[in-house]
Amino acid sequence: MHSDNPEDSGPGSGPDPSRPVAPLEQALHAARALVLADLEAGDVARPDIVSLVEESVAHRRWWVEQWPEGVAYVSGLVAQDVQDALLERYGRWPVCPVCAEGDPHALDVEPELGPDPHWVCGKAGVVVAAVGTLRAAAGPGEPGGTGGS
Ligand SMILES: [Zn+2]
């Protein structure tokens, strides 16, 4: 009767099985997917721009390791990082789809530091879409690219 060992629970004797996949990795993965979806909605998901997302995600991984409480905020922060990086290299992003007339302007992320981030138009004061759902907000009416040269 020596096989009745409570420790003998199979080969998975490494990490605690009651512990789910690291929330940090889940949050970073989600943030990356959401921002990429919005980049694709704006037709700007080019390789050099996707690499900006990767840079931001890498930076935010470090950031959340310093401040685990901020794990819920990474989607909004990555969106803002990419927005800032695009402003230098590409221009305003994402352009507000609500204000069709007047000066084109970019949407803002709100809350800047909080969970459940949304794109808002500061000019009209409306919430345009949750981060990651810009494609739905822009609607099918936008042709995406005018072929003129
Ligand atoms: Zn607007």
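Trainee: Among contacts between residues at least 6 apart in sequence, what share joins residues at least 24 apart?

Mentor: Keep in mind that we're looking at a predicted model. Take the contacts in the chain between residues at least 6 apart in sequence, then keep those that join residues at least 24 apart. That share comes to 55%.

Trainee: What pattern do the helices and strands follow along the sequence?

Mentor: The chain has four helices and three strands. Buried residues make up 26% of its 149 residues. Read along the sequence, the pattern is α-α-α-β-β-β-α.

Trainee: How far apart are the end C-alpha atoms of helix α2?

Mentor: Helix α2 covers residues 47-66, which is 20 residues. At 1.5 Å a residue, that should span 28 Å. The model agrees with this, as the end C-alpha atoms are 29 Å apart.

Trainee: Within what arc do the buried residues of α2 fall, seen down its axis?

Mentor: The buried ones are L52, V53, S56, V57, R60 and V64. They line one face of the helix, because seen down the axis of α2 they fall within an arc of 135°. As background, an α-helix has 3.6 residues a turn, so residues three or four places apart point the same way. The arc you asked for is 135°.

Trainee: Which exposed residues sit on the face of α2 turned away from its buried side, and what covers the buried ones?

Mentor: The face turned away carries the exposed residues P47, D48, S51, E54, A58, W62, E65 and Q66. On the buried side, the cover includes α1 (23-41) and α3 (74-89).

Trainee: Which element gives the largest share of the largest nonpolar core?

Mentor: That core has 25 residues, and those with the most contacts inside it are A31, V35, V74 and V78. The elements giving it two or more residues are α1, α2 and α3. The largest share is seven residues, and it comes from α1.

Trainee: Which residues does V78 touch, leaving out those up to four places away in sequence?

Mentor: V78 is one of the residues with the most contacts inside the largest nonpolar core. Leaving out residues up to four places away in sequence, V78 touches A31, R32, V35, V53, S56, V57 and R60.

Trainee: Which strands stand at the edges of the sheet?

Mentor: It's an open sheet of three strands in the order β1-β2-β3, with antiparallel pairing. Two of the strands have a single partner each, so one side of each is left without a neighbour in the sheet. The twist averages 40° from one strand to the next. The edge strands are β1 (108-110) and β3 (126-130).

Trainee: Which residue in β3 is the bridge partner of W119?

Mentor: Start with β1 and β2 (residues 118-121), which pair in the antiparallel sense over three bridges. There, V109 stands opposite W119 in β2. Then four bridges join β2 to β3, again running antiparallel. In β3, the partner of W119 is A129.

Trainee: Which residue in the hairpin of β2 and β3 takes a positive phi?

Mentor: This hairpin has four residues between the strands. The positive phi is near 70°, and the residue that takes it is G125.

Trainee: Where does D116 lie, and what is its phi?

Mentor: D116 lies in the loop between β1 and β2. It is exposed, with 12 other C-beta atoms within 10 Å. Although D116 is not a glycine, its phi is positive, at about 55°.

Trainee: What is omega for the cis peptide bond that joins W93 and P94?

Mentor: P94 has its place in the loop between α3 and β1. The cis bond joins it to W93, with omega about -10°.

Trainee: And what is omega for the cis peptide bond from E110 to P111?

Mentor: P111 has its place in the loop between β1 and β2. The bond from E110 to P111 is cis, with omega near -5°.

Methods:
Residues are numbered from 1 along each chain as its sequence is written. This is a predicted model: local features need pLDDT of at least 70, side-chain atom pairs count only at pLDDT 80 or more; totals for chains, interfaces and linings use all residues. The expected span of a helix is 1.5 Å times one less than its number of residues. A residue is buried if 20 or more other C-beta atoms lie within 10 Å of its own, exposed if 12 or fewer, and partly exposed in between; C-beta atoms are placed from the backbone. The arc is that of the directions from the helix axis to the C-beta atoms. Two residues are in contact if their C-beta atoms, placed from the backbone, lie within 7 Å. Two strands pair if DSSP finds at least two bridges between them. Axes are lines fitted to C-alpha atoms, for helices over the stretch in contact, and angles run from 0 to 180 degrees between N-to-C directions. A nonpolar core is a set of buried Ala, Val, Leu, Ile, Met, Phe, Trp, Tyr and Cys residues joined through C-beta atoms within 7 Å.
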